[in-house]
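Please open the structure in a viewer and keep the selection tool at hand.

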Amino acid sequence: MAEAASLRSVRLGRYWRTDSILHLMDPRSKLVAGGLITAATVVASSPWLVLMLFAGIVSLYMVARLPRAAILAALRPVLPLLLVLGLFQVVLGGEPAGLGGAGIPLLSWGPIHVSLARLIGAGLSVARLVSLVLLAALLLATTTISALVTGLEMLLRPLNRLGLPGHQLAMVGSIALRFMPILAEGLEAVQRAQLARTLGADRLSRWQVARNARRTAALIVPLFADAFRRVDDLTTAMLARCYRGGRGRTYYRHARMGGTDWVALGLAAAVLAFALAF
Amino acid sequence: MDAQERGIRRVVTAGLLLAVTLLLALTPVGFIPVPTPAGSATIAHIPSIIGGILEGPLVGLIVSLGFGFAAFLSPLVPVKDPLVIIVPRLAIGVVAALVYLGLRKANKAALLAILFVLLAAVLWAAKVVSEVYLWLGIAIAVLAVGGVLAGGLWLFRGDTQVVGLAAAGVAGSLTNTVLVLAAAVWRQVAGVTAPVAVSIGLMQGIPEAVISAIIVVAVVASVRQVGRRRGSRL
């Protein structure tokens, strides 16, 4: 039963309402600046730069006036994975370049040799991953889903001029986000109905692959059937309202780039340039 | 159905399949327990495959793109390199659509011929592997011959449309496994070296491909009403 109830808490970052500068920024500039900083974190090779990016991203949480709980909530699901990856790096990873004289052996036990450089390398790759997880969570914590979709659609608008379906892509995204909770509710109902008929009440071992797959299929097939029934309904509804794609459409929400947005974009571009240069 | 309705239908189908993808990628429903070190096989790529089969390569591509973004934003995936997480996954829906389109009209003789060509390819790969790890090569060869025998028997029992669906399911799933792992090796993701990738691929990719085939057939059969009996064949 606990499993059925957990469906509603979909594990995507949550929105925290405050009135910080980050919350008031245009979603477009947040998406682009976020992309630039992500790229900077991925390409950054110097240990100091990785640490500076990490500190910068954490300080953005303060700028956004998010509670400490927001950081913890973002990191809790990845913590075990990060620990495993970190350990793996310590034992098997390579040593980062440019750390003169840090190859001091700390521990040598059987085939396992741990040096200071390797420890630093593992710490850096964990810091890099934590930065990226925090950055994605920050975007979702300061931007509502509908603002994100509007921003994405506006960013994709130039594609329309090239004959590519920018509007349609954004429409796909907004339909997906609108219908995800509705489908989750339907899935939960199916799960409860099947539990009431004792399907899925007993725990199967991991070795019963075919039975596990069939049990999941018994949940997934009604989910897809529900989705395809809604496809029919929504298509009819959109046709009846004369939906004809992006041309000539007006918008309820308007986003405007302000001074803060340009400053943020400039800073993010500078960070990426710095990361590429060093 | 006129062109306008078909266009709207494509957009709406892609949107709802993407909603299913997000649901499967971000909740425990999308993870099936299997006896591998990771402990679970994901089925979040299955909507991409189904989108490709039902609405063509473009819808498959769009849902795959959304799947890549979902994985990129998901807190459960610690690797945040778009070249590893997003780009390889774009091929899932496209490959599934092409395999399905290619096999849809094929008759039993053609399918059998394809099966034997595949067997020959796998046996050759097994020979190459056996020069390095003898036991692994023999295991692959035995599995391949067994798989072809089972596949051949099934081919003469079931109807060819179901075979096309299952093949598209397997192809889409293997595309996901192989391309993502290859990209991880190429981009030197922490801890993923070529031997590690091969072992993950064998242990994770095969159960995922089998599960994907079972679920794709079940879903498309119930949506399209194909199969010997009308309705779902569960």
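Select chain B, and follow it along the sequence: its elements come in the pattern α-β-β-α-α-α-α-α-α-α-α. In total, the secondary structure of chain B amounts to 9 helices and 2 strands. Here helices (H or I, at least four residues) and strands (E, at least two) are DSSP runs, numbered from the N terminus.

Before going on, note that this is a predicted model, in which local features need pLDDT of at least 70 and side-chain atom pairs count only at pLDDT 80 or more, while totals for chains, interfaces and linings use all residues. Residues are numbered from 1 along each chain as its sequence is written, chains are lettered from A and ligands numbered from 1 in the order in which they are written, and side-chain values use heavy atoms, with hydrogens and water left out.

**The two chains**

Stay with chain B and colour it by accessibility. Of its 234 residues, 51% are buried; buried means under 20% relative accessible area, exposed over 50%, and partly exposed in between (1.4 Å probe, protein chains only). The accessible surface of chain B is about 10100 Å², and 73% of this surface belongs to carbon and sulfur atoms. Such areas come from the Shrake-Rupley method with a 1.4 Å probe, and for residues only the protein chains shown count as cover. Among contacts in chain B between residues at least 6 apart in sequence, 65% join residues at least 24 apart, where contact means heavy atoms within 4.5 Å.

Now select chain A, which has 11 helices and 2 strands. From the N terminus on, its elements run α-α-α-α-α-α-β-β-α-α-α-α-α. Chain A has 278 residues, of which buried residues make up 41%. Its accessible surface comes to about 15600 Å², with 65% belonging to carbon and sulfur atoms. In chain A, 76% of the contacts between residues at least 6 apart in sequence join residues at least 24 apart.

Select residues 27–43 of chain A, helix H3, together with residues 259–277 of chain A, helix H11. Their axes lie 8 Å apart and the helices pack at an angle of about 15°. Axes are lines fitted to C-alpha atoms, for helices over the stretch in contact, and angles run from 0 to 180 degrees between N-to-C directions. H3(A) and H11(A) are therefore roughly parallel to each other. Angles under 35 degrees count as roughly parallel, over 145 as roughly antiparallel, 65 to 115 as roughly perpendicular and the rest as oblique. H3(A) passes H11(A) in a left-handed crossing; a crossing is left-handed if the near helix is turned anticlockwise from the far one by less than a right angle, and right-handed if clockwise. Show the side chains at this contact: those in H3(A) include A:Val32 and A:Leu36, and those in H11(A) include A:Ala268 and A:Leu272. By class, the contact of H3(A) with H11(A) has 15 nonpolar, 1 polar and 1 charged residues. Ala, Val, Leu, Ile, Met, Phe, Trp, Tyr, Cys and Pro count as nonpolar, Asp, Glu, Lys and Arg as charged, and the others, Gly among them, as polar.

Next, select helix H8 (residues 145–161) and helix H9 (residues 166–196) of chain A, whose axes are 7 Å apart at an angle of about 165°. H8(A) and H9(A) are therefore roughly antiparallel, and their crossing is right-handed. Among the residues that meet are A:Glu153 and A:Leu156 in H8(A), and A:His167 and A:Arg178 in H9(A). This contact of H8(A) with H9(A) has 7 nonpolar, 5 polar and 2 charged residues.

The contact includes A:Phe54 and A:Tyr61 of H4(A), and A:Arg128 and A:Ser131 of H7(A).

**Single residues**

Remain in helix H7 of chain A and select A:Gly121. A:Gly121 is buried, with a relative accessible area of 12%. Draw a C-alpha to C-alpha distance from A:Gly121 to A:Gly86: the two are 35 residues apart in sequence and 9.2 Å apart in space.

Which residues of chain B are in contact with A:Thr235? Select A:Thr235 in helix H10 (residues 209–240) of chain A: B:Glu5, B:Ile8, B:Arg9 and B:Val12 are in contact with it. A:Thr235 counts as buried, at 2% relative accessibility.

Finish at B:Ser173, in helix H8 (residues 160–186) of chain B. B:Ser173 is buried, with a relative accessible area of 0%. Leaving aside neighbours within four places in sequence, B:Ser173 is in contact with B:His45, B:Ile49, B:Glu208, B:Ala209 and B:Ser212.
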